[in-house]
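Hello,

Here is the structure I said I would pass on. My notes on what turned up in it follow below.

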Amino acid sequence: MRIDILTVVPELLESPFNHSILKRAKDKGLADIHIHNIRDWSSDKHKRVDDYAFSKGAGMVMSIEPIDKAISELKSQRIYDEVIFLTPDARVFTQRDANQLSLKTNLILLCGHYKGIDQRVRDHLVTLEISIGDYVLTGGELAAAIVSDAIVRLLPGVLSDETSALTDSFQDGLLTPPVYTRPADYKGWKVPDILLSGNDLLIDDWKHDQAYERTKSIRPDLLNNK
Ligand code: ADE
């Protein structure tokens, strides 16, 4: 899979893609991630990519021209499945979206900044809008990193068997059960006896009950969605 990220602050995205699982996915050739500075497509001599809004008091707005040029150049090189705009005024991203997007071949992620983006970008260039939650960040970069992470870790070969995405919270509509490691007794805080019993069937039942109870108490909305 290839992901092209368009941003005005590429520096913000360097670190997330150069560590841990995302880096491994890149190094193994499973995820090809390219970060582009939208200013490179600005025809302004100061490389400006924003301008005053037509409506008073609306602040600076990202201009359509450099974004259109950037997207057109990328589209002239390959076919993109989606042009995704990260913005708080959109539907909230879920595991289901991550699952679906992980099946795509080429994605463009467009990060918003300033007060907003010329609506014509959204009307004519963007095919999907995603928010990562009901709060406002200074820009779409951290959201793009989160969405990319959620997608890339699902690509075959990125995670090992033990960390398989199949056992994630949300994949079966339930939160994950608690996990423990050694020592079995720390300061009298004991690991549940059942996990030390060696009885895999009983342990699986216990894990499912725990997952269900946790979900009912912390995220009952997930049970209603089932
Ligand atoms: N940009 C600013 N806030 C955002 C959010 N919550 N989700 C996605 N992009 C954003």
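**Ligand contacts**

A nitrogen atom of the ligand lies 2.8 Å from a polar backbone atom of Y135. Please keep in mind that this is a predicted model. Two further residues have a polar backbone atom by a ligand nitrogen: T87 at 3.1 Å and G133 at 3.2 Å. On its own the ligand has 260 Å² of accessible area, and the protein covers 96% of that.

T87, G133 and Y135 are also among the closest of the 13 residues that surround the ligand, a group that includes I132 and L137. By type, the shell is made up of eight nonpolar and five polar residues, with no charged ones. The space that the ligand takes up is the second largest pocket.

**Domains**

The protein is divided into two parts: domain 1 covers 2-152 and domain 2 covers 171-224. Taken over C-alpha atoms, the centres of domain 1 and domain 2 are 38 Å apart.

**Backbone points to check**

Most peptide bonds are trans, and most residues other than glycine have a negative phi. Two places in this model depart from that. The peptide bond joining R182 and P183 is cis, with omega at about 5 degrees. P183 sits in the loop between α6 (141-152) and β9 (185-186). The other place is S20, where phi is positive, near 55 degrees, although the residue is not glycine. S20 belongs to helix α2, which spans residues 20-27.

Regards

How values were computed: Residues numbered from 1 in each chain as written. Predicted model: local features only at pLDDT ≥ 70, side-chain atom pairs only at ≥ 80, totals over all residues. Heavy atoms only, no water. Domains from an automatic or database assignment. Near = heavy atom within 4 Å. Polar contact = N/O pair within 3.5 Å; in protein donor to acceptor, adjacent residues only side chain to side chain. Areas by Shrake-Rupley, 256 points an atom, 1.4 Å probe, with all protein chains shown as cover. 1 Å grid on protein atoms, 1.4 Å probe; cavity = no way out; pocket = protein on both sides within 12 Å on 5 of 7 lines; lining within 4 Å. Sits in = over half its atoms within 2 Å of the grid points. Nonpolar A, V, L, I, M, F, W, Y, C, P; charged D, E, K, R; others polar. Helix = DSSP H or I, 4+ residues; strand = E, 2+ residues; numbered from the N terminus.
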